[in-house]
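Please read the points below with the structure open beside them. They are meant for someone seeing this entry for the first time.

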Amino acid sequence: MTSFHWAAGTARLPDGDVLVAGGYTASFNGNADGTTNTDLFLWPEGRFISGPPMLQPRAGQAAVTMNDGRVLEAGGSEGQYSLTASSEFYDPKVRAFTPGPALSTPRSGAAAIRLPDSRVLIAGGYDGAGPTTSAELLDPAGTAFTPTGSMAEPRSGAAAALLPDGEAILIGGIEGSYSGSTTTEIFNPSRNTFRPGPNLPGQLGGPAASLGGSLIVIGPEPAAQILDLSDFSLTVAGSGQLSPPIFSDSAAPLGPGRALYAGGQKSAGDGHIAYPVDQAWVFSLPASFKVRRHGPKLLVGVDAPGTVTLRAPRVVKSRRREGGPGTIKVPLVLTARSRKTLDARGKLRIRIRVKFVPHVGASGTLRKHLVLTSGF
């Protein structure tokens, strides 16, 4: 990156680029101040350029892309102990920041997510006394924040994601005793209320990027953590490790199966807590499809843009029409061209037309076409 950022406000822009805004630039030794510096990550070029400065320094702010393409940067800290309730918008069309409405409560480390009705939920965070239960909503036009129902538990640094039914889930974070939380809460946009959600199988160790039905967490833990929001199973991806371990980085999805993790701080090992870094990483998520009509689970690996390779882990049964009725068992290795699109919620949809071909040595010819639609 062109400058240091840890605890920055990071969000994906409508064109696929990522804004990394503000954060702290110095080591956390009692003199950390927020910055107005921003970086733009150009994707898929994979390089950073300097962005326009924010209107005021801030770190730990909530960042989310509005329905009109602007990025909200709300709250945060101007300095280590100086919270702010102010907000501002980044407009990618003119590459400039403009003032936004004030939060109802000054907060840092809050979770932010855009709801299906285009309102923005800001929940939890640190309010000066500790992690808070309070939450507020920003109207779709971005003109005013209003308080809404509170969470059952205080939490700061929680992850947020949309569920398939349009509700929002707040995941983990730091609770009132300043220990990691393994609880979740679900926000109902129709009632503007929270209710308890399922418990996590373990603590999440860093910032999370929401990729459709999964949350990808990369931080100081030994490796990347993948939380499946369909069953709340937690998987450790050994290839996702950062070396050295990074704290306080920020995350944003890059599109199909990839997420950006930018900045942060690393342990100095010399009495200081950490030093900032100006690095960034791209994490690629392996996808999986369950083909219910045919039984086996097909594992998908993206080899190149527009190309996927599918492998069936066990033999499958298919009906052979040539030469009379019958059933044969074949292990499959399939290659197909795919068409990738994002739906209104940003969930990846891949439509694949594949040809099933039997392994060498099978008698007869088996051809069967199937269109799979799935996502992650």
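1. Strand S5 covers residues 62–65. Ala62 and Val64 point to one side of the strand, Ala63 and Thr65 point the other way, and all are buried. This and everything that follows refers to a predicted model.

2. The partner of S5 is strand S6, residues 71–74, and the two pair in the antiparallel sense over four bridges. Within that pairing, Ala62 has Ala74 of S6 as its bridge partner. Five residues lie between the strands of this hairpin, and Gly69 takes a positive phi near 95° there.

3. Which residues touch the most other members of the largest nonpolar core? They are Leu115, Leu121, Ala123, Leu170, Phe187 and Phe194, out of 14 residues in that core. Two or more residues each come from strand S11 (111–114), strand S12 (120–123), strand S13 (135–138) and strand S16 (168–171). Another core, of 13 residues, lies apart from it; among its members are Met66, Leu72, Ala74 and Leu138.

4. Setting aside neighbours within four places in sequence, Phe187 is in contact with Leu115, Leu121, Leu137, Thr148, Glu167, Ala168, Asn192, Thr193 and Phe194. Among these contacts, Leu115, Leu121 and Phe194 are also on the list of residues that touch the most other core members.

5. The structure holds eight salt bridges. In one of them the side chains of Arg58 and Glu88 meet, at 2.9 Å from N to O. Arg58 sits in the loop between strand S4 (47–50) and S5, while Glu88 belongs to strand S9 (residues 87–91), so the pair ties together parts that are 30 residues apart in sequence. Arg58 and Glu88 are both buried.

6. Glu167, listed above as a contact of Phe187, forms a salt bridge with Arg195 through their side chains (2.8 Å, N to O). This pair links distant parts of the chain, 28 residues apart: Glu167 is in the loop between strand S15 (159–162) and S16, and Arg195 is in strand S18 (residues 193–196). Are the two partners buried or partly exposed? Glu167 is buried, because its relative accessible area is 8%. Arg195 counts as partly exposed because its relative accessibility is 37%.

7. A further salt bridge joins the side chains of Glu153 and Arg155, at 3.9 Å from N to O. Here Glu153 is partly exposed, with a relative accessible area of 29%, whereas Arg155 counts as buried at 1% relative accessibility. Glu153 and Arg155 belong to a network of salt bridges that also takes in Glu185.

8. Last, a glycine. Gly180 is found in the loop between S16 and strand S17 (184–188), and it is partly exposed, with a relative accessible area of 25%. What is Gly180 in contact with, leaving aside neighbours within four places in sequence? The contacts are Gly173, Ile174, Glu175 and Gln203. The C-alpha atoms of Gly180 and Arg155 are separated by 9.0 Å, and these residues are 25 apart along the chain.

Notes. Residues numbered from 1 in each chain as written. Predicted model: local features only at pLDDT ≥ 70, side-chain atom pairs only at ≥ 80, totals over all residues. Heavy atoms only, no water. Core = buried A, V, L, I, M, F, W, Y, C linked by side-chain atoms within 4.5 Å. Buried < 20%, exposed > 50% of the residue type's maximum accessible area, 1.4 Å probe, protein only. Contact = heavy atoms within 4.5 Å. Pairing = 2+ DSSP bridges. Salt bridge = Lys/Arg side-chain N within 4 Å of Asp/Glu carboxyl O.
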